[in-house]
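I am opening a notebook on a structure that is new to me. The entries below follow the order in which I looked things up.

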Amino acid sequence: LIHFYKRIQITKMAAHNYLSTYTLKDFIAEKVTLTQSPKKKSSPPVSPLSATASPFQPKVPTTCISVTSLVSPSLPCLVPVPSLQLPLSVLRQYFPFAINLHYISGQDLVTLARSSRYIIIEDRVELSHQAFCIPFLDTEITFV
């Protein structure tokens, strides 16, 4: 009687808990077909996140101004301006001997203001990070 009761209990449990027809044989067949099928193109490697990574800086489209030499005018060159200030170092990449930046308004030659970082050493001032303040971003105006 005890043996009969255990057999009924086992069949009841099996009927309620095992609802899938997916077997070990199906699992093995699936793994075999995956290893035998041609490899798909590998996706680009994903780098892990890092706490020491630099913060995300979205790229802002760079605007350009038209610049030509005042001494020997030639075809204007488009110089990128990252903000409303043009670093002297960037201007010198295009015009190595540049010291000032101007634009012509009618009959007037207007000199642009320049901002600089400074350090006072003893009795003198040392300038660094010099940049021209660009009053307007327009490729119609040619700076000289």
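What share of the 144 residues of the protein counts as buried? I looked it up and found 15%, where buried means under 20% relative accessible area, exposed over 50% and partly exposed in between, with a 1.4 Å probe and protein chains only.

Before going further I noted the ground rules. This is a predicted model, in which local features need pLDDT of at least 70, side-chain atom pairs count only at pLDDT 80 or more, and totals for chains, interfaces and linings use all residues. Residues are numbered from 1 along each chain as its sequence is written, and side-chain values use heavy atoms, with hydrogens and water left out.

Entry: elements. I found three helices and eight strands (DSSP runs numbered from the N terminus, H or I of at least four residues for helices and E of at least two for strands). From the N terminus on, I read them as α-α-β-β-β-α-β-β-β-β-β.

Entry: sheet. I looked up an open sheet of three strands, ordered β3-β7-β6 with antiparallel pairing (two strands pair if DSSP finds at least two bridges between them). Its edge strands are β3 (85–87) and β6 (114–121), each pairing on one side only. I noted that β3 is joined to β7 (residues 124–133) by three bridges. Leucine 86 has phenylalanine 132 in β7 as its bridge partner.

Entry: threonine 68. I placed threonine 68 in the loop between β1 (63–67) and β2 (77–81). Why does threonine 68 count as buried? Because its relative accessibility is 9%. Not counting residues up to four places away in sequence, threonine 68 touches, among them, Pro73, Phe95, Thr142 and Phe143 (contact means heavy atoms within 4.5 Å).

Entry: phenylalanine 95. I found phenylalanine 95 in the loop between α3 (88–94) and β4. Leaving aside neighbours within four places in sequence, its contacts are Val67, Thr68, Ser69, Cys77 and Val79. Phenylalanine 95 and valine 67 are 28 residues apart along the chain, and I read 9.2 Å between their C-alpha atoms.

Entry: aromatic pair. I found one aromatic pair in the structure (ring centres of Phe, Tyr or the six-membered ring of Trp within 6.5 Å; planes under 30 degrees apart are stacked, over 60 edge-to-face, the rest tilted). Tyrosine 103 and phenylalanine 143 make up this edge-to-face pair, at 6.0 Å centre to centre and 75° between the planes. Tyrosine 103 lies in β4 (residues 102–105) and phenylalanine 143 in β8 (residues 142–143), 40 residues apart. I noted both as buried.
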